[in-house]
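Trainee: I would like to learn how to read the features of a model such as this one, step by step. Could we take a feature at a time, with the general idea before the case at hand?

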Amino acid sequence: MIKQLRDITLRIVAGANVATVALMLLVGFSDRVDPAAHPVWANAGLAFPAFLLVNFGFLVFFLIFKKRYALVPLAGFLLGYSPIRKYCPLNVTRDAPQGALKVLSFNVYSFKAEDAPEGQPNPTAQYIIDSQADIVCLQEAMLHGPVERMLDSTYAYRDSVIHPGRGDCLVLLSKYPILSKERIPYPSKGNLSAAFRVKVGGEVVTVVNNHFETSGLSQADRAGFKQMVKGEAAKDTMRAESRRLLSKLGEAAKTRAPQVEAVARYVERCEGPVILCGDFNDSPISYAHHTLDKVLTDCYIATGNGPGISYHHNAIFVRIDNIMCSSHFKPYRCKVDRSIKYSDHYPIYCWLERVGDGAK
């Protein structure tokens, strides 16, 4: 009798595992969904790590109680290899060759430094200088006198593009001459993308800096989400708040889609090497990331390790900052650096070696 009850329980658990794997795959491949048609479903990728952890829990359970059933979660991991690698890549770390470009992307939160020691240089600007990056893409980079003077000491070339509605400001810092710039047109009240042409050695490299549409969540929304994560909200409140937040995220994804498509078309028309950086305001499993990943190589997925969380405020932890490149480059050692915490984003950097001549 006890053996029969045990077998029934194991089958029920195995059935729950099958359902979990099915949902994990649906969520994992939700980046193919057009946000214009299904705005809420387009954000399903945010839930992927939860399904990944649950499936891992099933694997541990079956390895202890019924090894044969462990084939179910293992099959889930195999079938979900692509989204798993997008969310949490694992790579052998290799040192970049001499002469490779170091590229840094950082949403600097307007260089705010409320908790910095008084009388000290701006810590965010100092971090950028100490990074010794050759090309730096900054978002929310409202430069002011002291910061500008600090950066001038290291970067001989600097240019910026400001949203015409006085929204965001994108800045490019470079150790190489900046030949030109242009805003990539798409609809947005405050976000933007811009292309800078930089002369590196004897060729022109197009550097595309992006800050795509924000999540649409106010500070109150983010605080409410943090309360839900901590379990400090009532059940009815959590249900209503979840629906409202999902609706807002869906509308943001819907707005973001044509912006990303415009940048992807621009990249496809570019001749020569392309480096693309910026704050996507979307997870690695998203329509935005998938659209650009089709035309460029994601340097973090290719060479990074772990989930690489780059946004870290209000209990929202996700990698939304990216560096991508055309196949003219080979990326090395891409990393999200958690050592500086004055912005709500962590910087991401990598090295790029000039190699080929084709497009992805």
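This is a predicted model: local features need pLDDT of at least 70, side-chain atom pairs count only at pLDDT 80 or more; totals for chains, interfaces and linings use all residues.

Trainee: Are Asp159 and Lys181 buried or exposed, or in between?

Mentor: Buried means under 20% relative accessible area and exposed means over 50%, with partly exposed in between. Asp159, with a relative accessible area of 23%, is therefore partly exposed, and Lys181, at 40% relative accessibility, counts as partly exposed as well.

Trainee: How many salt bridges does a search of the whole structure find?

Mentor: The search finds nine. One of them joins Lys86 to Asp31, with the closest N and O atoms 2.7 Å apart. This pair links distant parts of the chain, since Lys86 is in helix α4 and Asp31 is in the loop between α1 and α2, 55 residues apart. Lys86 is buried, with a relative accessible area of 8%, and Asp31 is buried too, with a value of 0%. Asp31 and Lys86 also belong, together with Arg32, to a network of salt bridges.

Trainee: Which side chain meets Arg158 in a salt bridge?

Mentor: That is Glu148, at 3.0 Å from N to O. The pair links distant parts of the chain, with Arg158 in strand β3 (residues 157-162) and Glu148 in helix α6 (residues 145-152), ten residues apart. Arg158 counts as partly exposed at 30% relative accessibility, and Glu148 counts as partly exposed at 27%.

Trainee: Now I would like to turn to aromatic rings; how is a pair of them described?

Mentor: A pair of aromatic rings is described by the distance of the centres and the angle of the planes. In this structure the count comes to nine aromatic pairs. The rings of Phe212 and Phe280 have their centres 5.4 Å apart and their planes at 65 degrees, so this pair is edge-to-face. Phe212 lies in the loop between β7 (203-211) and α7 (219-230), and Phe280 in the loop between β8 (274-279) and α9 (287-293), so the pair ties together parts that are 68 residues apart in sequence. Phe212 is buried, with a relative accessible area of 0%, and Phe280 is buried, with 1%. Tyr349 and Trp351 form another edge-to-face pair, 5.6 Å centre to centre and with 90 degrees between the planes, and both of these residues are buried.

Trainee: Which residues do ring pairs link into a cluster?

Mentor: The cluster holds Phe58, Phe61, Phe62, Phe65 and Tyr69. Phe65 has its place in helix α2 (residues 48-65), and is partly exposed, with a relative accessible area of 41%. Phe65 also takes part in a nonpolar patch on the surface, formed with Phe56, Val60 and Ile64, and these residues have about 390 Å² of accessible area together.

How values were computed. Residues are numbered from 1 along each chain as its sequence is written. Side-chain values use heavy atoms; hydrogens and water are left out. Patches are made of residues with over 30% relative accessible area and no salt bridge: like charges are joined within 9 Å, nonpolar side chains (Val, Leu, Ile, Met, Phe, Trp, Tyr) within 5 Å. Accessible areas come from the Shrake-Rupley method with a 1.4 Å probe; for residues, only the protein chains shown count as cover. A salt bridge is a side-chain nitrogen of Lys or Arg within 4 Å of a carboxyl oxygen of Asp or Glu. Helices (H or I, at least four residues) and strands (E, at least two) are DSSP runs, numbered from the N terminus. Buried means under 20% relative accessible area, exposed over 50%, partly exposed in between (1.4 Å probe, protein chains only). Rings of Phe, Tyr and Trp (its six-membered ring) pair if their centres lie within 6.5 Å; planes under 30 degrees apart count as stacked, over 60 as edge-to-face and the rest as tilted.
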